[in-house]
Amino acid sequence: EGSQVQLQTCFIKPGLISHIFVTHTHGDHCFGLPGLLCLIARGRDGREPVQIVGPAGLRTFLRVVLRYTGTRMLPQFVVHELKDIPYLHTGKPPPLLPSASPDLRESQFGEQPGGRDIERDSDGAWTVLTATEGEMRLTVRAAPLQHGARTVGYVVEEDEKGGRLNPQAVMPHLERNRLAIREQWNIKDPRYLMKQIKALAPGEGLTLPDGHVITSETAVGSVRKGRKVAILGDCCNASMMAPIAAHADLLVHEATNAYIPMLGDTGGVGLLERTTIKHGHSTPQMAGRTAADFGAHALLLTHFSQRYHPKARRVMRAIEEAAQQAAGLPLENVVAANDGMVIPVWQKDRKKPLRPHSAHVLPEGASEDLEFAQDLMAFS
């Protein structure tokens, strides 16, 4: 199980992980969870409990594994279960583990009070949590997906944000009053007033020594829509995600199997797609069509078959191009992910394409655009 190994090669400190979201309980998506908790525990003294969200039965799974192995090096954690996830695929659904009560926890193995059983909202989705970090407020929701297990995808969305400060509209007035600001307000550099000006509420203003009034309307741009990221689990049909994932800035979608003639594939795209759907997975074309249906701004492809090595650039480029043609997006907005990749989620008004970075080094100048993930959340 490679999550621990790969995480230790990144700039991210495991002890800072605060939330873990499990999409479904196939082994490749949950076997590594107990070990990941042990890794997190190394640098998490005194922090709030890790919040773990996933399908019903996840509490039972963790309690049995941690008790059976006698694991003690654990962070404090809380488990929240999503109730009544429907099985949408063909055939007999996999058995459910008994759902354990959050009140019957065993604190000696890390679990803390506060776990919730989260029921579906009237629109069929789950409101998982809301979180506030400084001036940023996030909402996380989930909705069902079709796969060979009871599966969900998650949407992380920011609230609206204030407009950007326009220095060109402000600095000439501040410079004209530089001497008076220093003498009357004891402020050596008028640029120190920029933060105060940006914080002006609508209708408020700052009157300068020469009588000029800088108002919020003239100095600050319009309110910006918050960013939205949709992270899907394994699936062959994501249509039930559409209401909450519409117009996502970034859609993360699996592309398990691709038709690659250079690797000797025969039979055509249609046959491959039918076979892939039978196993509950997607092709790049299916991911692209989902991005188009959702009106997504960018598409990040994940969960590739082991046939496709991430360093085989011709193969990965063919996968990107297949998804891009189906999505109708610019090619620079469709990226095949690999372990350790960092994707800044740009504000819409920046109008920037995806620019993957190595996870070994923080992207230069990315502090503002990575604030969306400062309270790191891990999805599987």
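**Close-up views of the predicted model**

**View 1. Histidine 247 lies in the loop between α9 (242-245) and β11.** Helices (H or I, at least four residues) and strands (E, at least two) are DSSP runs numbered from the N terminus. The model is predicted, so local features need pLDDT of at least 70 and side-chain atom pairs count only at pLDDT 80 or more, while totals for chains, interfaces and linings use all residues. Residues are numbered from 1 along each chain as its sequence is written, and side-chain values use heavy atoms, with hydrogens and water left out. Phi of histidine 247 is near 60 degrees, a positive value in a residue other than glycine. With a relative accessible area of 54%, histidine 247 is exposed; buried means under 20%, exposed over 50% and partly exposed in between (1.4 Å probe, protein chains only).

**View 2. Aspartate 84 sits in the loop between β3 and β4.** Its phi is likewise positive, near 60 degrees, in a residue other than glycine. Aspartate 84 counts as exposed because its relative accessibility is 56%.

**View 3. Glutamate 81 and arginine 59 form a salt bridge.** The closest N and O atoms of the two residues are 3.4 Å apart. Glutamate 81 belongs to strand β3 (residues 77-82) and arginine 59 to helix α4 (residues 58-69), so the pair ties together parts that are 22 residues apart in sequence. Both glutamate 81 and arginine 59 are buried. A network of salt bridges links Arg59, Glu81, Lys83 and Asp117. A salt bridge here is a side-chain nitrogen of Lys or Arg within 4 Å of a carboxyl oxygen of Asp or Glu, and by this rule the count comes to 16.

**View 4. Arginine 141 meets aspartate 123 in a salt bridge between side chains.** The N to O distance is 2.9 Å. Arginine 141 lies in strand β6 (residues 136-145) and aspartate 123 in the loop between β4 (117-118) and β5 (126-133), so this pair ties together parts that are 18 residues apart in sequence. Arginine 141 is buried at 18% relative accessible area, whereas aspartate 123 is partly exposed at 49%.

**View 5. Aspartate 189 forms a salt bridge with arginine 191.** The closest N and O atoms are 2.7 Å apart. Aspartate 189 is buried at 15% relative accessibility, while arginine 191 is exposed at 51% relative accessible area.

**View 6. Seven strands make an open sheet with mixed pairing.** The strand order is β5-β6-β7-β10-β11-β12-β13. β5 and β13 are the edge strands, each pairing on one side only. From one strand to the next the twist averages 15 degrees. Two strands pair if DSSP finds at least two bridges between them. Strands β7 (residues 151-158) and β10 (residues 228-231) run antiparallel and are joined by four bridges. Valine 156 stands opposite valine 229 in β10.

**View 7. Helix α11 (residues 284-294) lies across β11 (250-254) and β12 (299-302).** Helix α11 runs at about 150 degrees to β11. α12 packs on the sheet, touching β12 and β13, and its direction makes about 145 degrees with that of β13. Axes are lines fitted to C-alpha atoms, for helices over the stretch in contact, and angles run from 0 to 180 degrees between N-to-C directions.

**View 8. Asparagine 333 is found in the loop between α12 (313-327) and β13 (334-336).** At 7% relative accessibility, asparagine 333 is buried. Its side chain reaches the backbone oxygen of histidine 297 at 3.0 Å. Leaving aside neighbours within four places in sequence, asparagine 333 is in contact (heavy atoms within 4.5 Å) with His297, Ala298, Leu299, Pro353 and Leu354.

Technical notes
Polar contact = N/O pair within 3.5 Å; in protein donor to acceptor, adjacent residues only side chain to side chain.
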